[in-house]
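The following exercises are to be worked through in order. Each task is followed by a solution in steps.

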Amino acid sequence: MSNGFDDIPFFDEEPAPRKPAGSPATAAGTPAAGGLGIAARAMAARDQARAPDYLSGLNPEQREAVETIDGPVLVLAGAGTGKTRVLTTRIAHILATGKAFPSQILAVTFTNKAAREMKERIGHLVGGAVEGMPWLGTFHSIGVKLLRRHAELVGLSSDFTILDTDDVVRLIKQIIQAEGLDDKRWPAKQFAQMIDGWKNKGLDPAQIPEGDARAFANGKGRELYIAYQNRLKTLNACDFGDLLLHPIRMFKANPDVLKEYHQRFKYVLVDEYQDTNTAQYMWLRLLAQRPPGVPQNVCCVGDDDQSIYGWRGAEVDNILRFEKDFPGAKVIKLERNYRSTEHILGAAGHLIAHNEGRLGKTLFTDRVDPNDGKVVVHAAWDSEEEARAVGEEIEQLQRQQHPLNNMAILVRASFQMREFEDRFVTLGLNYRVIGGPRFYERLEIRDAMAYFRLVCQPADDLAFERIVNTPKRGLGDTTIRNLHDYARARDIPMLAAAADIIETDELKPKARKALFDVVTDFRRWQSLLENTPHTELAEQILDESGYTAMWQNDKSAEAPGRLENLKELIRSMEAFESMRGFLEHVSLVMDAETNENLDAVSIMTLHSAKGLEFETVFLPGWEEGLFPHQRALDEGGRAGLEEERRLAYVGITRAKRRCHIWFVSNRRIHGLWQSTMPSRFLDELPSAHVEVAEAETSYGGYGRNPYGQSRFDKQEPFQNSYSTPGWKRAQANKTDATRDNWGTRSGHAVERIGYGESGPRAKTIEGELVAKSTTSEPSRFSVGDRVFHLKFGNGNIASIEGNKLTIDFDRAGQKRVLDGFVEKAG
DNA sequence: CTAACCTGGATTTTT
DNA sequence: TCCAGGTTAG
């Protein structure tokens with residue numbers, strides 16, 4: 001990739017030597033004052049004069065957004081208008097023109113993925129200078145960085161622990177119980193969410209609304225919040241909200257420190273500004289605002305039409321009032337779309353126009369191709385048929401050489417995924433589920449991490465309690481409660497308490513011995529921390545603690561997978577310098593990599609699809625109650641509906657060339673079959689860009705009016721065997737087995753399931769199989785055979801039709817599967 | 001300490 | 001309906 005930087009001098013070093021740790025670096029000098037050579041500056045000026053390459057590919061609006069470096073800028077970037085490109089090029093431009101050093105740019109994103117991508121792209125533009133951009137990251141990771149430098153100012157020490165949601169809930173539960181409250185009546189989870197909500201709004205315990213405070217635990221809400229914060233302080237820990245709030249407190253209380261950062265950050269950039277919550281907004285204003293007369297070089301990029309996180313505290317208002325907050329702001333709209341066909345844009349644009357209170361953008365494209373299809377709306381009888389039909393559509397595209405990687409199924413709610421997964425397993429179509437439970441959230445990983453945490457931070461009581469009796473050491477509730485009381489009474493961490501208490505005779509000999517072993521183990525590991533390679537130490541910890549053995553002795557089906565995950569955990573540590581470094585990474589970056597070498601259909605929620613694009617997008621489940629979701633309507637009213645509509649807009653605009661929308665007439669919700677109405681959003685699509693699919697072929701039975709089927713029409717589809725009451729019952733009977741292999745449903749495991757470990761499993765295309773079966777080729781199986789299926793386990797063949805086997809699985813009940821997916825059990 | 005049993009909840013999710 | 005999480009019985 002060519003760029004304009006090949007011949008531009010690029011500086012990634014700060015002119016002044018690093019300040020010793022502990023004292024925050026004061027503002028670096030400007031580049032001009034920083035001893036940068038005259039020749040270099042001249043070259044930079046020369047290159048600026050002849051408009052460097054990196055600017056030449058931009059359209060006028062993009063270019064304006066890149067080049068308007070001084071003063072506040074709001075870039076309203078519609079879907080697919082080159083938002084990331086503008087951001088990265090803008091940074092490159094600031095650097096290339098010598099306006100600032102990399103370390104003087106504060107660039108904030110929401111997700112680690114976005115941050116990574118930006119680093120990568122800037123790296124491409126400027127050639128490997130990314131290391132020099134220490135302040136490019138998520139709100140939270142930058143928050144951590146600030147906090148580690150100034151922890152004392154908010155009453156923490158700089159090696160504080162970051163708690164994730166799970167830890168927080170456990171902690172809150174303890175607090176609720178300690179207050180003598182019934183933790184069933186007042187669920188910790190709910191209170192954790194309340195605290196999170198308050199923190200999103202930037203509220204200290206003293207500031208929360210009286211009503212909120214009363215709403216929980218007989219009016220003890222505020223009290224509990226205070227108790228929680230105190231407990232965090234004792235533990236030397238932060239939750240995610242604190243990573244934003246502590247810096248805010250710190251800056252407010254220490255204007256001199258804030259001033260240092262004002263001098264440091266010459267340019268501030270924010271991605272996805274429509275998703276900022278109040279706390280982030282406060283944080284940003286503190287850092288970006290300048291005294292009157294000093295230019296505020298802040299650039300926020302966002303799209304009000306893609307604001308879909310209102311439910312977790314995002315304030316679209318932030319983007320709507322940008323001009324008020326930063327007077328003299330220049331607002332630049334990017335409306336030229338480089339992603340989608342005119343039909344897709346037309347459909348999306350018409351839909352989103354139904355929202356009020358938008359800043360108002362209309363995407364357009366020059367790319368007009370008569371071959372481009374309209375957005376297609378399909379109807380199906382129920383979700384099973386929906387999945388089947390989507391599967392067929394995908395296979396058809398696959399036959400036309402379209403890679404599966406270019407296709408995605410975007411659902412409103414994750415329960416919808418299951419039906420697609422089931423279907424794709426049957427078809428042998430590779431798929432990958434994006435989102436869902438993450439690698440680092442798995443039980444075994446969290447346990448292992450707790451060991452590591454406790455070694456690095458002996459005061460981490462949550463980690464201690466998690467693993468003190470895992471594997472089982474005979475340290476039951478009684479012992480732990482004893483220990484807990486002992487620690488509380490002396491105000492010392494539990495591990496330290498354990499070390500003390502084994503010197504006394506407070507415990508029974510058995511427990512005392514067990515605890516003694518634990519304490520000795522941790523002492524030994526701590527002593528090894530500095531001088532042993534961290535991956536080696538990690539392995540040693542897991543082995544010596546008996547944790548590995550615990551899973552080796554476990555005969556359950558998941559155990560081997562868990563051991564594999566532990567190995568993977570150790571492997572992923574290799575990339576880090578130390579165990580501490582690794583822990584920090586994990587607490588902030590909870591995502592696992594997906595295998596991009598695999599050609600697979602992506603299945604994900606609409607929320608996790610934001611920012612992505614695919615040639616072909618399938619949008620199932622457009623029914624009232626599901627999409628727009630009933631709860632969004634009930635709880636959010638009109639605003640809720642509009643957010644749902646934006647979600648629909650996000651969905652459609654993910655598509656580059658093909659967009660298929662589906663709705664079903666019947667859906668099972670909480671186990672009950674309900675007949676459903678097509679989504680109101682379907683009526684909001686323009687007929688000029690949308691067509692309604694004619695009757696679906698093979699499983700057919702639809703009239704030509706899917707919107708208004710008569711009762712008679714609805715009966716038709718039942719004629720295929722999959723819809724017979726018997727098959728339905730068989731489906732209903734599927735009991736336990738279904739999730740077993742799916743317990744580890746993300747990244748690796750799922751990807752493995754779709755296509756099997758035993759090499760490239762037959763990628764079955766139904767058409768071929770049907771053809772095969774009509775030649776009445778004798779099946780390699782016969783009725784009664786004992787067979788094994790990757791997902792369903794062992795079973796006996798009940799009947800055979802061509803290549804379709806009906807099998808009574810031991811655990812999964814009766815299923816129909818294609819013979820390519822079973823082996824003779826051996 | 002495990003397994004059977006019961007209960008409640010069932011959008012969206014990052015950090 | 002179907003899961004997770006907790007409780008209880010053995």
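A disulfide is a pair of cysteine sulfur atoms within 2.5 Å. The model is predicted: local features need pLDDT of at least 70, side-chain atom pairs count only at pLDDT 80 or more, and totals for chains, interfaces and linings use all residues. Residues are numbered from 1 along each chain as its sequence is written, chains are lettered from A and ligands numbered from 1 in the order in which they are written, and side-chain values use heavy atoms, with hydrogens and water left out.

**Exercise 1. Cysteines**

Determine how many disulfides the structure holds, and state where the nearest cysteine sulfur to that of Cys299 is found.

Step 1. The number of disulfides in the structure is 0.
Step 2. Cys299 takes part in no disulfide; the nearest cysteine sulfur belongs to Cys300 and is 6.8 Å away.
Step 3. Seen from Cys300, the closest cysteine sulfur is that of Cys299, and the 6.8 Å between them is too far for a bond.
Step 4. Accessibility is then assigned by relative accessible area: buried is under 20%, exposed is over 50%, and partly exposed is in between (1.4 Å probe, protein chains only). Cys299 is buried at 1%, and Cys300 is buried at 0%.

**Exercise 2. The setting of Arg571**

Identify the helix in which Arg571 is found, and the residue whose side chain a polar contact joins to that of Arg571.

Step 1. Helices (H or I, at least four residues) and strands (E, at least two) are DSSP runs, numbered from the N terminus. Arg571 belongs to helix H26, residues 559–573.
Step 2. With a relative accessible area of 41%, Arg571 is partly exposed.
Step 3. A polar contact is a pair of N or O atoms within 3.5 Å; within protein, one must be able to donate a hydrogen and the other to accept it, and residues adjacent in sequence count only if both atoms are side-chain atoms. The side chains of Arg571 and Glu564 are joined by such a contact, of 3.4 Å.
Step 4. Thr535 is 36 residues from Arg571 in sequence, and their C-alpha atoms are 7.7 Å apart.

**Exercise 3. Aromatic rings**

Classify the aromatic pair formed by Phe576 and Phe582.

Step 1. Rings of Phe, Tyr and Trp (its six-membered ring) pair if their centres lie within 6.5 Å; planes under 30 degrees apart count as stacked, over 60 as edge-to-face and the rest as tilted.
Step 2. The whole structure contains 25 aromatic pairs. In the pair of Phe576 and Phe582, the centres are 5.4 Å apart and the planes make an angle of 70°, which is edge-to-face.
Step 3. Phe576 is partly exposed at 22% relative accessibility, whereas Phe582 is buried at 0%.
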